[in-house]
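Open the model in your viewer and keep the selection panel at hand. The stops below run from the whole chain to single side chains.

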Amino acid sequence: MKKYFKRLWNALWAKTDLDERALSIIEEAKSRVDMMKKELADVKKAAKNVVEQSKDVVGAAKGKKRRGRKPYYKNKKKKTNNKPKK
């Protein structure tokens with residue numbers, strides 16, 4: 001009797017695709033979670049940048065000079081290929 005119900009149960013599961021749907025849904029959920037983790041890392045990085053930028057705004061309100069990258073024309077370095085003589 002136990003074998004009969006076991007075979008019946010297996011036959012019913014074989015006719016349905018619920019288990020296959022469940023597996024595909026689980027895989028889709030895992031991939032979405034991975035994508036969400038990557039996006040949250042990007043958001044975290046952007047939020048840190050916003051915090052740094054907001055400090056600059058507060059400084060500007062106090063009258064401090066603008067911080068940040070210097071203009072290119074002020075960063076010119078003399079390039080020499082001269083090696084020191086021995």
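How much accessible surface does the chain have, and what share of it belongs to carbon and sulfur atoms? The accessible surface comes to about 9700 Å², and 59% of it belongs to carbon and sulfur atoms. Areas here come from the Shrake-Rupley method with a 1.4 Å probe, and for residues only the protein chains shown count as cover.

This is a predicted model, in which local features need pLDDT of at least 70 and side-chain atom pairs count only at pLDDT 80 or more, while totals for chains, interfaces and linings use all residues. Residues are numbered from 1 along each chain as its sequence is written, and side-chain values use heavy atoms, with hydrogens and water left out.

**Whole chain.** Colour by secondary structure: the chain has two helices and zero strands. Both terms refer to DSSP runs numbered from the N terminus, helices being H or I with at least four residues and strands E with at least two. Of the 86 residues, 1% are buried. Buried means under 20% relative accessible area, exposed over 50%, and partly exposed in between (1.4 Å probe, protein chains only).

**Helix H1.** Select residues 2-15, which make up H1. H1 has 14 residues and reaches 20 Å from its first C-alpha to its last, close to the 20 Å expected at 1.5 Å a residue. The expected span is 1.5 Å times one less than the number of residues. The number of buried residues in H1 is zero, so H1 lies largely in the open.

**Nonpolar patch.** Next select Met1, Tyr4, Phe5, Leu8, Trp9, Leu12, Trp13 and Leu18, a nonpolar surface patch with about 910 Å² of accessible area together. Patch residues have over 30% relative accessible area and no salt bridge; nonpolar side chains (Val, Leu, Ile, Met, Phe, Trp, Tyr) are joined within 5 Å, like charges within 9 Å. H1 supplies the largest share of this patch, six residues. Met1 sits in the segment before H1 and is exposed, at 73% relative accessibility.

**Aromatic pair.** Rings of Phe, Tyr and Trp (its six-membered ring) pair if their centres lie within 6.5 Å; planes under 30 degrees apart count as stacked, over 60 as edge-to-face and the rest as tilted. The count by this rule is one aromatic pair. The ring centres of Tyr4 and Phe5 are 5.5 Å apart and their planes are at 65 degrees, so the pair is edge-to-face. Tyr4 is partly exposed at 46%, and Phe5 is partly exposed at 46%.

**Helix H2.** Move to residues 18-62, the 45 residues of H2, whose end C-alpha atoms are 64 Å apart, in agreement with the 66 Å they should span at 1.5 Å a residue. Gly63 follows H2 and has a positive phi, near 100 degrees.

**Salt bridges.** Which side chain meets Glu28 in a salt bridge? Select Arg32: the N to O distance to Glu28 is 3.0 Å. A salt bridge needs a side-chain nitrogen of Lys or Arg within 4 Å of a carboxyl oxygen of Asp or Glu, and the count by this rule is two. Glu28 and Arg32 are four residues apart in H2, about one helical turn. Glu28 is partly exposed, at 38%.

Finish at Lys55 and Glu52, which form a salt bridge with closest N and O atoms 3.7 Å apart. Lys55 and Glu52 are three residues apart in H2, again about one helical turn. Lys55 is partly exposed at 49%, and Glu52 is partly exposed at 42%.
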